[in-house]
Amino acid sequence: GVGRWFALINVLFAAATTMATTAKFWNKLSAAQALKTVPRVVSSGQGAHLEIEGKSYLNFCSSHYLGFAEEPRLKQAAQAAIEKYGMGTGYRTLAGTHALHVELEREIAHFKGTEAAVCFSSAYAANASAVQTIMDKDDIVVSDQLNHASIIDAVRVAGVRNKFAYAHSDMSDLESKLAAASELQKKPKPNGEHPLILIITDGVFSMDGDLAPLPKIVELAKKYDALTMVDDAHGEGVLGKGGRGLVNHFGLEGEVDIEIGSLSKAFSVMGGFIAAKQPLIDCYLMGARQRLFSIALTIPDTAALLEAVTMLGESEHLVQKLWGNVDYLRKGFTDLGFDIGHSETPIIPVMLRDEDLARSFSAKLFEEGVFASAICFPMVPKGTARVRVIVSASFSKEDCDAGLAAFKKVSQELSG
């Protein structure tokens, strides 16, 4: 009798505690709703201009560097593929590997100048696969402090415990971290093998538009027996001959072990890829969990991507037009007295420093018909707030002039 009552009381107490915990969870979520931000809803294609709530805005904030988001050839390729093959695919390891997937991976490898490539449903998944598949908890990662969140998450997913972060693009600090990693490497892992060292860097850093000093990174990797991995999400279609990326830009084909590319920025569709030597790609084909347990790219996405790669192989016109716009806008911002940092790419940070000013500047630009995002802490360090401009080949000279005029007007309003 008494024992049963005590047991019942304990059960009820445990239930009450659980309820209190879950109630706190829901209360916490409800309170957080006060900070909810809602993105602007676009009701047009992602071209030089966006339609938002019935009005047209100059698109200074999308990474569609080559204007492929509205390219007729990509749309026609997608439509033709839908008519021929339908929409969906499946798991690559079962019945989901379509002939278009195989052709796309072959063409990407040819475009990049690597032995092989493998595609994923996102560049985020490609980064995760690139690290997790070949690294375990006892291996060593050396990573730039300003690397993209997807790289940080990739290292976390891999469970790597030996992590070094070097000061942004500081090759002296990278070497000191590699020296420490080399000492760690001398101790064998439980399986008797010595740890791998993997250096990871963004190719283009998306907040400032600067480039990783890749030649020196490759040099240090050879000196310290390390693998190299470059996330070139903002370099594909932008840098190098015909947009072949940062590795091509520096003439380092065959010297970088792992190249990650995005298929949603310059290529304007969706997905990501790893390009590398055939044995490493085979390793990813057989062991990458983000490939084995996730769905393949759809038929229209794959067909559109194939057309994009084909177009870049045919002509450098769009890449040249992009850089013409970059040079024009850089000079325009500089002539207006704006600080545009040390950008070497179509990402132009208009440095305003103060966070409230950056937010007000972006809001005023929107009133003037220009959509350009304020980038503030925690996306960038405090005191480095900016309005980020992303340039596209889709801009006409009139678009560039209109954007510069809006920046000039807003600057005068906010400083007066």
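**Exercise 1: Aromatic pairs**

The structure holds eleven aromatic pairs, where rings of Phe, Tyr and Trp (its six-membered ring) pair if their centres lie within 6.5 Å, and planes under 30 degrees apart count as stacked, over 60 as edge-to-face and the rest as tilted. This is a predicted model, in which local features need pLDDT of at least 70 and side-chain atom pairs count only at pLDDT 80 or more, while totals for chains, interfaces and linings use all residues. Residues are numbered from 1 along each chain as its sequence is written, and side-chain values use heavy atoms, with hydrogens and water left out.

Task: Classify the pair of Phe333 and Phe407, and state which helices the pair ties together.

Solution. 
1. The ring centres of Phe333 and Phe407 are 4.9 Å apart with 80 degrees between the planes, which makes the pair edge-to-face.
2. Phe333 belongs to helix α12 (residues 317-335) and Phe407 to helix α14 (residues 397-415), so the pair ties together parts 74 residues apart in sequence. Helices (H or I, at least four residues) and strands (E, at least two) are DSSP runs, numbered from the N terminus.
3. Phe333 counts as buried because its relative accessibility is 0%; buried means under 20% relative accessible area, exposed over 50%, partly exposed in between (1.4 Å probe, protein chains only).
4. Phe407 is likewise buried, at 0% relative accessibility.

Task: Classify the pair of Phe361 and Phe407, then place it in its cluster.

Solution. 
1. At 5.6 Å centre to centre and 40 degrees between the planes, Phe361 and Phe407 form a tilted pair.
2. Phe361 lies in helix α13 (residues 355-367) and Phe407 in helix α14, so this pair ties together parts 46 residues apart in sequence.
3. Ring pairs link Phe361 and Phe407 into a cluster with Phe60, Phe333, Phe338 and Phe395.

**Exercise 2: Strand β3**

Task: Determine how the residues of β3 point and which strand it joins.

Solution. 
1. Strand β3 covers residues 116-120, and five of its five residues are buried.
2. In a regular strand the side chains alternate between the two faces of the sheet.
3. Ala116, Val118 and Phe120 point one way from β3, and Ala117 and Cys119 the other way.
4. Five bridges join β3 antiparallel to strand β9 (residues 272-276); two strands pair if DSSP finds at least two bridges between them.
5. Phe120 stands opposite Gly272 in β9.

**Exercise 3: The whole chain**

Task: Give the helix and strand counts and the span of the C-alpha trace.

Solution. 
1. The chain has 14 helices and 13 strands.
2. Its C-alpha trace spans about 85 × 55 × 55 Å along the principal axes.
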